[in-house]
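Subject: Structure handover

Hello,

Here is the structure I promised to pass on. Please open it first, then read the notes below.

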Amino acid sequence: MSLSEHDVRHVAMLARLALTDSEVEAMRDDLNSILGHIDEIQRLDLASVAPMAHAIAVTNVTREDVVVPPFSQDVAISNAPQSENGAFVIPAIAAGGDDE
Amino acid sequence: MSHIDVHELTALQVRAGIVAGEFSAVEVADSSLARIDALDGDVHAFNQVTPGLAIAAAEKIDALVRGGAAEADLPPLAGVPAAFKDNMNLIGTNTTCSSRILEGYVSPYDCTAVARLISAGVLPLGKCNMDEFAFGSSGETSAFGGAKNPWDLERVPGGSSAGSAAAVASGMATVTLGSDTGGSIRQPGSLTGTVALKPTYGRVSRYGCVAFASSLDQIGGFSRNVEDNAAVLQAICGKDRYDATSAEREPEDFIAAARNADAAGLRVAIVADLLGMEGVTAEVRDSVLAAAKRFEAMGATVGEVNLPTSQHGLSAYYIIGPAEASSNLARFDGIRYGHRTADPADTIELYTKSRAEGFGPEAKRRIMLGTYALSAGYYDAYYGQAQKARTLIAQEFTEAFKEYDVLLTPTSPQVAWKFGEKSDPLTMYLSDTYTIPINLAGNCAISVPCGFGASGMPIGLQIIGDYFAESTVFRAAAAIERDLALDLRSPLVRG
């Protein structure tokens, strides 16, 4: 399997990464080299094997529904690049028409 | 009270010295901070040094001693100089993951393992340099410049817990914490001649450690000997209400397991097919085989196993790891924390430019790889197939541990290499061949020094144990450590 420039730009969009043209080119080479190696996994006959999502057996557990003090609003926004009146500030969505 | 050189002492010797009144905890802190001042300009093991926290913790220990506290009342690692990989939160310090995207971020909460180590009495010296977001095997992907190997400053210390390994190997810290997703504790441990443990998945809470691949990540310790490493695990392990994947396990006396080490009767196996893989150097292979012979001489039985699917571990890992990383790193969107691009036209541009400006090349590569492997049409071919391979790898280990107590492989196929030597990503990825299968299966493994290569650089032996068999792993590691009695002081420590 080999990725085209178009594939790389599509994946970059999905990943929300604004890559430059030269980054797209380098990324294509790198990804194709890595995929060339890891493609070998597709040759393994694993049809009858169950997938493993967790390293150790885990089951759903419940705990007492106890209220614990959360972060204060001040702490929660303390690392925000831009905030106002206790809220995160982002560019306008409704008026901006930023549909892809 | 006398002048001390804390880098000549083990963690348990530091505590004993404080208890006996030979020196104070403040003197210990001063000694470590002076050493950081003298060496870290060259080694670059630290992203941030926290002298205020170290001295304050030391004063608390000294006050306990002055108040007449009995030895048993002093915390188990009282006065031990420690540091943490910079992907672990500690309130009031920066947590950068060595990435521009988190520059300036101040932790509003504590990582459980960090908090537990501090409760155990350590002196927090600071946050250690690392590969960006733990993506790397050499330390070179740090956005702030890589850490260097204290055995040879022209060589890499390994990664991704590069600074944590280098801080211990250079004597700046006595113990440190790292995180291990595909070998990021054990491989730098091997390259710097330190003792480095990846505990069983779930043994240690991951709460407060910035997630890379949540089903693989595990926190563990670096130290200069096995007993200190056992003391670190004892302090940080156990169930944590903030991490639902942390295991309910009764505490064990890991220190006693290391102290009473005896290899007699231990069932040891060399992983023959992995040892024969392409890329492993003769000096590393010979050193591991020689260690197996030493186990035999100590009364262990030594056999061989093959783990054929584990040879495909690298492929499975470079699908699962990036897939989970691409999801985990989606939270870095420039809104709630981290770098934000200037004057974005809309929210999509805010995301795409903030992330493009904040992440370095290797982070972008892994995000792209993971996003691709999870994207429509490729999920089954890559992610699904990798999860199935993972099942077989785990089963192979389970079968092997029916017959053997521990398995032996090299930790790294080669000794520490020079900066810039491995420029293409795939070559770099291959350096984790031996450590990755253990993360996929979820069991535990330690790297313990077992010799030196022709260049004088240390070689690490990986001792792999079954799920929650850390006591057995410590026992085997301490036995070979005692038997070999290597001089593991790096040139920087010898002075």
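How much area do chain A and chain B bury between them? The figure is about 5,100 Å². Of that, 70% is on carbon and sulfur atoms. Please keep in mind that this is a predicted model.

The contact between the chains

Chain A brings 50 residues to the contact, and chain B brings 64 residues. Two salt bridges run between chain A and chain B. One of them pairs E23(A) with K364(B). Their closest N and O atoms lie 2.7 Å apart. There are also 17 residue pairs in polar contact between chain A and chain B, with both residues at pLDDT 80 or more.

By class, the side of chain A that touches chain B has 36 nonpolar, six polar and eight charged residues.

The cavities

Next, the empty space inside. A probe the size of a water molecule, rolled over the atoms, shows where such space is left. The count is three cavities of 30 Å³ or more.

The largest cavity has a volume of about 60 Å³. Its lining comes from chain B and includes A134(B), G136(B), S137(B), G159(B), R366(B) and D432(B). Y317(B) and Y318(B) also line the largest cavity, as do G182(B), G183(B) and S184(B). This lining divides into four nonpolar, six polar and two charged residues.

The second largest cavity has a volume of about 50 Å³. Among the residues that line it are N87(B), C97(B), M130(B), F133(B) and D217(B). What classes make up this lining? There are eight nonpolar residues, three polar and one charged.

Backbone details

Two spots deserve a look. In chain B, the peptide bond from G159(B) to S160(B) is cis, with omega near 10°. S160(B) sits in the loop between β3 (123-128) and α5 (162-169) of chain B.

In chain A, go to R16(A). This residue is not a glycine, yet it has a positive phi of about 55°. Where is R16(A) found? It is in the loop between α1 and α2 of chain A.

Best wishes

Key: Residues are numbered from 1 along each chain as its sequence is written. Chains are lettered from A and ligands numbered from 1 in the order in which they are written. This is a predicted model: local features need pLDDT of at least 70, side-chain atom pairs count only at pLDDT 80 or more; totals for chains, interfaces and linings use all residues. Side-chain values use heavy atoms; hydrogens and water are left out. On a 1 Å grid over the protein atoms alone, a cavity is a set of points where a 1.4 Å probe fits but cannot get out, and a pocket is an open set with protein on both sides within 12 Å along at least five of seven lines; lining residues have an atom within 4 Å of a point. Grid points are joined across faces, edges and corners, and a volume is the space filled by probe spheres set on the points. Ala, Val, Leu, Ile, Met, Phe, Trp, Tyr, Cys and Pro count as nonpolar, Asp, Glu, Lys and Arg as charged, and the others, Gly among them, as polar. Contact means heavy atoms within 4.5 Å. Buried area is the accessible area (1.4 Å probe) that two parts lose on being put together, summed over both. A salt bridge is a side-chain nitrogen of Lys or Arg within 4 Å of a carboxyl oxygen of Asp or Glu. A polar contact is a pair of N or O atoms within 3.5 Å; within protein, one must be able to donate a hydrogen and the other to accept it, and residues adjacent in sequence count only if both atoms are side-chain atoms. Helices (H or I, at least four residues) and strands (E, at least two) are DSSP runs, numbered from the N terminus.
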